[in-house]
Amino acid sequence: MEKIVYTITVYTENMVGLLNQIAIIFTRRHLNIESLTVSKSSLPGIHKFTITVESTEDLIIKVVRQIEKRIDVLKAFHYTDDEIIFDEVALYKIPTDSLLDNPEIETLMRTYNARIVEVNRNFAAIEMSGSADVIQSLFDELNKFKVLQFVRSGRVAITRSTQERLSNFLAEMEEKRIKAMKACEK
Amino acid sequence: MESIRIKGAEALLRALLEEKVDTVFGYPGGSIITVFDALYSFRDSIRQILTRHEQGAVHAAQGFARVTGEPGVVFVTSGPGATNVITGLADAMLDSTPLVVIAGQVSSPLLGSDAFQETDVVGISLPVSKWSYQVRTAAEIPWAVARAFYIAREGRPGPVVLDITKDAQNEMTDYVYEKCQFIRSYQPNPDLDQTAVEEAAALINGAKRPFALVGQGVILGEAEEALKAFLTKADIPAGATLLGLPAVAGGFPLMKGMLGMHGNVGPNRKTAECDVLIAIGMRFDDRVTGDLKTYAKQAKIIHFDIDPAEIEKNVKVDVAVLANVKESLPAVTALLKEASHKDWVDSFKEHEDEEWQRVIEPEIHPTAGPITMGEVINMVSEKAAANAVLATDVGQNQMMACRYFKLQSNRSLVTSGGLGTMGFGLPAAIGAAIGAPEREVCLFTGDGGIQMTIQELGTIMEYKPAVKIIILNNKFLGMVRQWQELFFRERYSSTILQNPDFPMIAAAYGIPGRKVVKREGLAEAIDELFATKGSFLLEVEVEENGMVYPMIPAGTNVDNLIFGD
């Protein structure tokens, strides 16, 4: 089976140690995490992990089930690139002299839709968001003029689906909670 | 609810009482001393069993949990106390045994400072526990305990760890207990999907050669009777996994024996012949399936399980019925047509006869030569009470005991299945005897395994649980020796054992014992074992090169049985 990039999104309760719980599932199967971002989700008290990993679908399904099996994980999903809209952010630091001496840099920035976020006597910081390939390609171009520092974020993603699966899940769980509470009152 | 103002340690014990805990297994130390101090005041309502090693405590709690169905509770201190229970946690995780392990931890201001006896217990235990959580304030204790018991018990059971800092045990809190009824991120019992039920019933109704694989899920779901009704209605023969064996205890015509590497001939061969394979609360362990590439390829496969992560983890299935088997089995049974598969069911007979002639009869009724393992087990089994619990260590003694000891009652087997933990037997048997004092606990162990946790004879000396210990002494680490004979050109590397005088060791602990070398003395010695009140250690010198047959060499086809004859 072919290995491709999968994006796994995991929604968890906001508890200490969740990252560790999720990470060990990848470690156990010797899967290398390509990128990882963790942040608050749009729902209060719920954290969102976005993980990219190269693997086969078979294995990803097993991994997602094992992630979801952890008690404090609400839900985990996996997507191929065509099922999501995703982006990464990159920052590039170049010497201010290069910027001033090389008009090609300005052209590059227009072409890549990048912008300068700070400039001083010593350096200029350039920001761009886009796919991993485009971010790399801008780096390759800029590096002809010597990039001092280059960082990229992990991937963030939203689904193309019209179904909001997490909200549906939470609504279902709320119904179950009410049922469980009623059952124990009896 | 009114709250009372008490110390964290007392809050912990009151919470345990709310969860109906009456026994804890443990070992004190600097970071759990406050809890043990509080336990002193509760000693009339909570019995404390001081084992001789923390590993003994956790295995005893596992044995207790297996026979009672209730979580085993363990108290250990930080650092080495906690690391010594890791093997038991891993064992309980693989075998779905409910445990609540309470580990003391250094005071919260010291955390992360490499303080004396500090270990990252949550970090170490996470991969081998269902839930592991650090409690740093007394106020959190009731909530954490309620959640721990809910998680340990509900759905697929498993071990839970609470790592409680010393300051949390010491500080005062306003205690009020509320049982946990619901965790929104954890659905222990998936909702039964009617479509899956109908699909499963349709496949079974169309089957000509249906075959069921019975796992421990049936016992954990208390679905023993539902299983019998299911098998009977559609006339489905079955095999059991190691841990599934007591699910159909006491001889049931459709139960054809054990599956897997050292299982019975019929169930293994028929796995490769059936047209519909019905897995019930089992997880397609490699010791059951052999080579997955060829496993039951001819059959449609139905998998009943409570744990979504088990579905298609190892074997692709045609229908998955996700639910507690206690719910799903009756639902499917209701849709089954009454059927008879007489020829198919009868076809097991020739395999049973073959196994009897080639393996079983020479093993349990040898006419000459040294005493055999199967001979001892068979004789003990015949003399044991109907409510007996079989406990085993790991290795040849375990496979032989599970093959030849006839389980006659529910929850009658205490053995380490998934992890295969040598040293499990003695402490687990102690826990079983403490959990079910009215039952006769028979432990089969080896000369290797017993020495891994032999210090627990001290626990027997102190608390006097009745454990009938039978050491099958072949002067070898027998299972490894068997592999060395078969696959490593008889190069017996580190498997020959020099042993102590076991009855003499038992005597030092005040436990009566006896050693048998000759066949003539065996029956009488077993009579003495059972006639003696309380524990007894019987050492039997058995055939040194005894082999467990039949055997499916690891990683080969499920019907590739070798007999060694």
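Two strands count as paired if DSSP finds at least two bridges between them. Keep that cut-off in mind as you work through this predicted model.

**Exercise 1.** Work out whether strand 2 and strand 3 of chain B pair, and in which sense, parallel or antiparallel.

*Solution.* Start with the bridges: strand 2 (residues 23-26) and strand 3 of chain B share four bridges. The cut-off is at least two, so these strands pair, and they do it in the parallel sense. For a spot to look at, find Thr23(B), which stands opposite Arg47(B) in strand 3 of chain B.

**Exercise 2.** Find which strands stand at the edges of the chain B sheet.

*Solution.* First, write down the order of the six strands, 3-2-4-5-7-6, in this open, parallel sheet of chain B. Next, look at the two ends: strand 3 (47-50) and strand 6 (131-135) of chain B each have a single partner strand, so one side of each has no neighbour in the sheet. As you go from one strand to the next, the twist averages 20°.

**Exercise 3.** Describe how domain 1 of chain A meets domain 2 of chain A.

*Solution.* Begin with the bounds: the domain assignment gives domain 1 (4-84) and domain 2 (86-156) in chain A. Their C-alpha centres lie 30 Å apart. Now turn to the contact, where domain 1 of chain A provides seven residues and domain 2 of chain A five. On the domain 1 side, strand 2 (33-40) and strand 3 (46-55) of chain A each supply at least two residues, and strand 2 of chain A gives the most, with three. Finally, sort the residues of that side by type: two are nonpolar, five are polar and none is charged.

Definitions and conventions:
Residues are numbered from 1 along each chain as its sequence is written. Chains are lettered from A and ligands numbered from 1 in the order in which they are written. This is a predicted model: local features need pLDDT of at least 70, side-chain atom pairs count only at pLDDT 80 or more; totals for chains, interfaces and linings use all residues. Axes are lines fitted to C-alpha atoms, for helices over the stretch in contact, and angles run from 0 to 180 degrees between N-to-C directions. Domain bounds come from an automatic or database domain assignment. Two residues are in contact if their C-beta atoms, placed from the backbone, lie within 7 Å. Ala, Val, Leu, Ile, Met, Phe, Trp, Tyr, Cys and Pro count as nonpolar, Asp, Glu, Lys and Arg as charged, and the others, Gly among them, as polar.
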